[in-house]
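Visitor: I would like to know what stands behind the words used for this model. Please take the terms one at a time.

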Amino acid sequence: MAYITFSTADYPLTERLEASQDIYAAMANIDVSLPRGKAPEIETRIRLLPGISIALVKTSPLTVKRRSRQIQDGNDDFALLLNPAGRAAWRSELEGVGEVECGPGAGCFGFNDRPGTIEFQGSQTYMLNICFSRSLLGPLVGDIERTSKSPRLAPETFAHLTQCAIELVQAPGQEDHNILADTNRLLDLAALSVGAPRDIEITARHRGLKQARLRAVKADLRISARHGDASLSWLAKRHGVSPSYIRAMFEQDGQSFTDYVLELRLERVFQCLRSPAHAHKKVAEIVYDAGFNNPSWFYRAFKRRFGLAPSEVREVARAQHPVVEPR
């Protein structure tokens, strides 16, 4: 997966205006206009997948335009323009769609073969631009070009789509991604966001939305389970599904919910035992903090998982990183 970045911070203050108007504008194939007398602050990360490009932009005030001469590049991709974070809104105006203002948590649909303008007014404004080739997304969304305005994006799939895209664009060193799975997940979530026909919606919900939900649940668990707070009912309420649905998602993924939480907690204890930052804590304290209430059961599970008792893990860690007592 190709990864491209641009930042005005890489240029001297006196060269940032020129870099924005020449280098950044050429990368995005747009015209860039900036407030007079102010050096721009632009950061862009771009991830390229087969038939899909993801660009996460953080910028100071500026206006970008795609004019007739830029349209001649032959790019007729569909574009989802999302505002994923921050407090500032941006305004989009596209031929055939009209004017749309997008605050954080909102977005609009665009067409790269039409002229348009986007105005960023805030001191720090975010945009997540996900472009899909027509051959990929077109068959999933019907004749969306006949609509007179940008379709309203479904809130739930908007959130999952945003999270999935940001994960991909912010992790340049992770080459273990399944490219086909990532592409299909983005396609499914995009189709559900703008309104897919019923037959395609069923497939997309089963594949893309379920995987996105599972990833979101696991992300929550990685934070909460290690502190002993992993109530299934709380998790289900938070994600708007039933406890049985969450259990089924994990089982279909090849691991039970209980086993996944156990693995997270055991790993948490193991890391704490090896960390000098927790060397002052008793083993029992670390175990209870990780959510284990039955010490004897924990010790059996821990030794089965790591082949060592907790005290042995701590001894090995101390031998490798001895603590030097202050004089």
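**Terms and values**

Guide: Of the contacts in the chain with a separation of 6 or more, 69% join residues 24 or more positions apart; contact means heavy atoms within 4.5 Å. This is a predicted model, in which local features need pLDDT of at least 70 and side-chain atom pairs count only at pLDDT 80 or more, while totals for chains, interfaces and linings use all residues. Residues are numbered from 1 along each chain as its sequence is written, and side-chain values use heavy atoms, with hydrogens and water left out.

Visitor: How many helices and strands are in the chain, and what makes a run a helix or a strand?

Guide: The chain has 12 helices and 11 strands. Both are DSSP runs numbered from the N terminus, helices being H or I with at least four residues and strands E with at least two.

Visitor: Why is threonine 8 called buried?

Guide: Buried means under 20% relative accessible area, exposed over 50%, and partly exposed in between, with a 1.4 Å probe and protein chains only. Threonine 8 has 2% relative accessibility, so it counts as buried. Threonine 8 sits in the loop between strand E1 (2-7) and helix H1 (16-28). Leaving out residues up to four places away in sequence, threonine 8 touches Arg16, Ser20, Pro40, Glu41 and Ile42. Buried residues make up 46% of the 327 residues in the chain.

Visitor: What makes the pair of threonine 8 and isoleucine 42 a polar contact?

Guide: A polar atom of the threonine 8 side chain lies 3.0 Å from the backbone nitrogen of isoleucine 42. The definition asks for a pair of N or O atoms within 3.5 Å; within protein, one must be able to donate a hydrogen and the other to accept it, and residues adjacent in sequence count only if both atoms are side-chain atoms. The distance of 3.0 Å is within that limit.

Visitor: Which residues of H1 are buried, and what covers them?

Guide: Arg16, Ala19, Ser20, Tyr24 and Ala25 are the buried residues of H1. Their cover includes E1, strand E2 (31-33), strand E3 (42-49) and E4.

Visitor: What makes a set of residues a nonpolar core?

Guide: The set must consist of buried Ala, Val, Leu, Ile, Met, Phe, Trp, Tyr and Cys residues joined through side-chain atoms within 4.5 Å. The largest such core has 26 residues, and Ile52, Ile54, Leu80, Leu128, Ile130, Phe132 and Leu186 have the most contacts inside it. Elements giving two or more residues to this core include strand E4 (52-59), helix H4 (155-169) and helix H5 (179-194). H4 supplies the largest share, 7 residues. A second, separate core of 20 residues includes Phe6, Ala79, Leu81 and Trp90.

Visitor: Is glutamate 263 buried or partly exposed, and where does it lie?

Guide: Glutamate 263 has a relative accessible area of 29%, so it is partly exposed. Glutamate 263 lies in helix H9 (residues 257-274). Alanine 301 is 38 residues from glutamate 263 in sequence and 9.6 Å from it in space, C-alpha to C-alpha.
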